[in-house]
Amino acid sequence: PKRLINLSIRSSRCLSSKAIPEFYYRNQQSATTNGFIGAIGNTPLIRLNSLSEESDAEILGKAEFMNPGGSVKDRAALGLVLDAEEKGLLKPRGTVVEGTAGNTGIGLAHLCRARGYKCVIYMPNTQSAEKIDLLRMLGAEVHPVPAVAFDNPQNYNHQAKRHADDIENAVWTNQFDNPDGNRAIHLHTTGPEIWLQTNGTVDAFTCSTGTGGTFAGVTNYLKSMNKDIGCYIADPPGSVLASYVQSHGQKMDRDGGSITEGIGQGRITENMKDDVKIADGGFTVPDADSIAMLYRLLDEEGIYLGASSALNVAAAFKLGKDLGKNADGTRRKIVTILCDGAYRYQSRLFSRKWLESKGLVDAIPQHLQKYIVL
Ligand code: PMP
């Protein structure tokens, strides 16, 4: 295939073409994208080398932090907007209103600029300042509201719905309970990409859930291709899904809270309703394990990730240990989601004071504490 980088323009001090491995050229895309939207998805699947070498499994992370709005939720935002347009709920110059921990809002804010809509975001006031600032810089109208449970009418989602009901030509995209927009985009994009990127040899998939769109869409697609692919829910403390799956729907235990943002759920959302039944298992990852993995990924893999990604990788690593090798002695391929980068949380995750307030400094191995720079 024709190389897309014109090597002749390199000065003699640049790398020679021989030094640039073949895989780099294979990743070059030959087509331009159709605006911002066309740049969403088709993210790399990264082999996490040091973790894979320490385990009996190949630990593979889907690099969703490389989406143009910086997170896995660019896909959901796209699915929600396309669904609302298709259903005739969103008309030219309309307003998109959504309740979000931040990332869906960021994806929506980008898309609304690109497609000529207004964007109104309701979010719990417990979320990081970085996310709120970014949303405002992207032109969204942001309403940080007290973080109260879903059954309280003042919950951010209900406030978003009421806002959309009260104004003309507005749609509440309802990411938690709109499988047609959210779950569907993962069924049609993330799942098939993982299948293709592993040539159909993926053995297991695990990720945490917020709306559940990612887990449900990917799980449903992978099981439709091969029902033996193991799909496991990874929960932060305080989320009910692991206990729900472990107890076959009998329990919804909810102990403690977590430093992770954007994940953890107290109910079975519409996105998850069908696919929680086909999950093979679920487990809870303590914050201490997530933060230790976050610093390890930075130190050994050179990847700067948010806490939900670190939790996902800790879950995939644990799964690799629990499942062991395949019956024929081959290494299992375990895929997880690298949801977003640490940029959105750095004032917390790299602040000694903040980590101390959460009792997490000691969870970070001594030789990695040099990264606590704030
Ligand atoms: N990680 C982060 C950082 C998120 O913002 C979210 C979504 N809130 C998720 C993971 C979970 O994705 P989903 O909503 O598809 O379950």
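Let me begin with how to read the model. This is a predicted model, in which local features need pLDDT of at least 70 and side-chain atom pairs count only at pLDDT 80 or more, while totals for chains, interfaces and linings use all residues. Residues are numbered from 1 along each chain as its sequence is written.

The C-alpha atoms fill a box of roughly 60 × 55 × 45 Å along the principal axes. For 374 residues a compact globule would have a radius of gyration near 21 Å, and the protein, with 21 Å, agrees with that; the radius is taken over C-alpha atoms, and the globule rule is 2.2 Å times the number of residues to the power 0.38. Of the 374 residues, 46% are buried, a word that here requires 20 or more other C-beta atoms within 10 Å of the residue's own, with exposed meaning 12 or fewer and partly exposed anything in between, the C-beta atoms being placed from the backbone. Among contacts with a separation of 6 or more, 70% come from residues 24 or more positions apart, a contact being two residues whose C-beta atoms, placed from the backbone, lie within 7 Å.

Now to the helix pairs. Two packed helices are described by the angle between their axes and the distance between the axes. Helix α8, residues 182-197, packs against helix α9, residues 213-225, at an angle of about 50°, and their axes are 7 Å apart; axes are lines fitted to C-alpha atoms, for helices over the stretch in contact, and angles run from 0 to 180 degrees between N-to-C directions. That makes α8 oblique to α9, since angles under 35 degrees count as roughly parallel, over 145 as roughly antiparallel, 65 to 115 as roughly perpendicular and the rest as oblique. Residues of α8 that meet α9 include Ile185, Leu187 and Trp195, and those on the α9 side include Val218, Tyr221 and Met225. The residues of this contact of α8 with α9 divide into eleven nonpolar, eight polar and one charged, where Ala, Val, Leu, Ile, Met, Phe, Trp, Tyr, Cys and Pro count as nonpolar, Asp, Glu, Lys and Arg as charged, and the others, Gly among them, as polar.

What is the angle at which α4 and α5 cross? The axes of α4, residues 73-86, and α5, residues 103-115, cross at roughly 55° and come within 8 Å, and the two helices are therefore oblique to each other. Their contact comprises six nonpolar, three polar and three charged residues.

Finally, some single residues. Asparagine 42, in the loop between α2 (35-38) and β1 (45-47), has a positive phi of about 50° although it is not a glycine, and with 14 other C-beta atoms within 10 Å asparagine 42 is partly exposed. Asparagine 169, in the loop between α7 (156-166) and β6 (170-172), likewise has a positive phi, near 50°, and counts as partly exposed with 14 C-beta neighbours inside 10 Å.

How values were computed. Helices (H or I, at least four residues) and strands (E, at least two) are DSSP runs, numbered from the N terminus.
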